[in-house]
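Could you have a look at this one when you get a minute? My notes are below the picture.

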Amino acid sequence: MTNTDTMIIRRRGIDRTNFPHKQTFIKMVEANLQLARELYPDHHIPNVPIVFYSAGNCSGRAKGRSHYGQMVYNLEFNVAAINLHWDVMTGNTIPHEVAHIISFIVHKNDADRGNGHGRGWKRIAKQLGCNGDTCHSMSIPPARQRSKHKYISNNNSYCELGPTQHKRLQTLQGYRVTIRTTGEEIYRHNYAGVV
Ligand SMILES: [Zn+2]
């Protein structure tokens, strides 16, 4: 049987990189959960796995789901948002998301107050240090796209080159690229624009 205290709900897009101050961020989430345990000693607030992702512009998410009658909770945070908005993420997003889980545990029989951003959630969010903002998303620029470049060989073969090869072709004297499938060579003058 899976230990519900360590079960990860998210299946795709988990970011396991070691971004700056990752351990500090995790400690701050743990500290917020600990504060909630002290505020609500009559409720069992379990260990909550902390998961990171890097796609999309949602800054964080609290997830809960039932697993053979036991609730499993996960806290998810956006790495790009942490890198760009450390103060907002640690000061507001952490308590915002933790409050969703605590609200669900504390108000579970009162759907009105337990779910969403109602007054039950709001009160807990403020106790945990959130300003009560309900905004989940903040401006996160999309991941930089790697540009691709079209080249058409002297024999009319089409190929696409990444930015590194393109730059070498355009800047290094005598540089050429061989198309693996046909053996043809691509020169600087074969450039046909950005894909
Ligand atoms: Zn929310």
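Here are my points, with the cut-offs given along the way.

1. Ground rules: this is a predicted model, where local features need pLDDT of at least 70, side-chain atom pairs count only at pLDDT 80 or more, and totals for chains, interfaces and linings use all residues. Residues are numbered from 1 along each chain as its sequence is written.

2. Start with the largest nonpolar core, which has 25 residues. By that I mean buried Ala, Val, Leu, Ile, Met, Phe, Trp, Tyr and Cys residues joined through C-beta atoms within 7 Å; buried is 20 or more other C-beta atoms within 10 Å of a residue's own, with C-beta atoms placed from the backbone. Among the elements giving it two or more residues are strand E3 (70–78) and helix H3 (86–106) (DSSP runs, H or I of at least four residues for helices, E of at least two for strands, numbered from the N terminus). H3 supplies the largest share, 8 residues.

3. Ile 82 is one of the residues with the most contacts inside that core. Beyond its neighbours within four places in sequence, Ile 82 touches Phe 19, Phe 25, Phe 77 and Met 89 (contact: backbone-placed C-beta atoms within 7 Å).

4. H3 is largely enclosed by the rest of the structure, because 15 of its 21 residues are buried. There is a kink of about 35° at Thr 93, shortly before Pro 95 (the angle between axes fitted to the seven residues ending there and the seven starting there).

5. On H5, the buried residues are Gly 120, Trp 121, Ile 124 and Ala 125. Down the axis they fall within an arc of 125°, so they line one face of the helix (arc of the directions from the helix axis to the C-beta atoms). After H5 comes Gly 129, with a positive phi near 110°.

Notes:
A residue is buried if 20 or more other C-beta atoms lie within 10 Å of its own, exposed if 12 or fewer, and partly exposed in between; C-beta atoms are placed from the backbone. Two residues are in contact if their C-beta atoms, placed from the backbone, lie within 7 Å.
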